[in-house]
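Thanks for sending this one over. Here are a few notes to read with the model open beside you.

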Amino acid sequence: MTTKTELDKILTALDATQTLEGLQGIIESICRVFAIDHAMYHWVDSAGDHYYFGTYADAWIQQYQDKNYTRIDPVVSGCYQRFHPVDWRRLDWSTKPAREFFQAAMEHGVGNQGYSVPIRGPNGQFALFSVSHHCEDATWDSFIDRNSRDLILIGHYFNRKALEFEPDRAPEQAQPLSPRELDALTLLGIGYSRAQVAKTLSISEHTLRVYIESARFKLGALNTTHAIARAVSCGMVII
């Protein structure tokens with residue numbers, strides 16, 4: 001399991017980076033910190049342009065594009081239909097094209113295990129943050145059990161930073177939220193309990209309530225759920 005210090009370093013680096021190249025460097029550091037073969041972030045912006053940061057082999061990326069594997073990739077289709085993270089073994093690999101795709105991915109070192117976080121942003125934006133590795137099922141189950149919360153958090157942070165690079169992105173109209181207010185609403189929005197949010201942010205539940213109430217006031221929301229919905233609708237929070 002990653003330490004809080006290691007996780008904080010990744011999140012701090014994401015907050016600080018000012019270039020797309022910086023995002024690629026952070027993806028590579030995620031592999032080192034979590035001791036996994038690959039990490040990948042794929043973003044389709046509101047104009048339909050694709051951005052990719054990851055550690056897959058160049059030959060696999062080229063083959064994926066040349067053969068338009070997006071049409072048959074069970075990870076893409078499966079995550080598009082879901083809001084919660086997905087273990088690749090839970091997806092439908094029963095069709096012949098899917099099995100052939102999996103075999104090609106294995107030949108290029110993608111790994112037999114994977115975990116993807118689907119992310120939806122403003123104006124129809126859809127993104128995936130994925131990690132993959134080659135190991136036995138029991139080893140992967142243990143890895144996901146220990147690290148899923150950190151991976152979800154990193155995926156949403158990554159997407160929030162990536163959106164800053166979207167050309168001609170409209171400015172937010174609502175009163176801006178503080179980083180802690182954004183963190184609190186994001187974690188609540190992806191399903192964390194208040195106790196889990198407080199633990200993740202290393203604050204008391206009383207302090208968490210202060211952040212939530214402040215965010216609710218700024219957004220003109222009736223309650224926490226309304227605040228999350230408003231923050232998502234204007235792109236402040238990515239779920």
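1. Let's start with strand S5, residues 126-133: 8 of its 8 residues are buried, so the strand is largely enclosed by the rest of the structure. Here buried means under 20% relative accessible area, with exposed over 50% and partly exposed in between (1.4 Å probe, protein chains only). Helices (H or I, at least four residues) and strands (E, at least two) are DSSP runs, numbered from the N terminus. Please keep in mind that this is a predicted model, where local features need pLDDT of at least 70 and side-chain atom pairs count only at pLDDT 80 or more, while totals for chains, interfaces and linings use all residues. Residues are numbered from 1 along each chain as its sequence is written, and side-chain values use heavy atoms, leaving out hydrogens and water.

2. In a regular strand the side chains alternate between the two faces of the sheet. From S5, Phe126, Leu128, Ser130 and Ser132 point one way, Ala127, Phe129, Val131 and His133 point the other way, and all are buried.

3. The partner to look at is strand S4 (residues 113-120), which pairs with S5 in the antiparallel sense over 8 bridges; pairing requires at least two DSSP bridges between the strands. Isoleucine 119 has alanine 127 in S5 as its bridge partner.

4. Now for the core. The largest nonpolar core has 57 residues, and Tyr41, Phe129 and Val131 have the most contacts inside it. Such a core is a set of buried Ala, Val, Leu, Ile, Met, Phe, Trp, Tyr and Cys residues joined through side-chain atoms within 4.5 Å. Helix H6 (residues 137-163) gives the most to this core, with 11 residues. Not counting residues up to four places away in sequence, phenylalanine 129 touches, among others, Ile27, Tyr41, Ile119 and Leu151; contact means heavy atoms within 4.5 Å.

5. A second, separate core of 20 residues includes Trp60, Val75, Cys79 and Leu91.

6. Among the buried ones are Glu181 and Asp183, along with Leu185 and Leu188. What covers the buried residues of H7 includes H6, helix H8 (194-201), helix H9 (205-219) and helix H10 (224-233). Just after H7, glycine 191 takes a positive phi of about 110 degrees.
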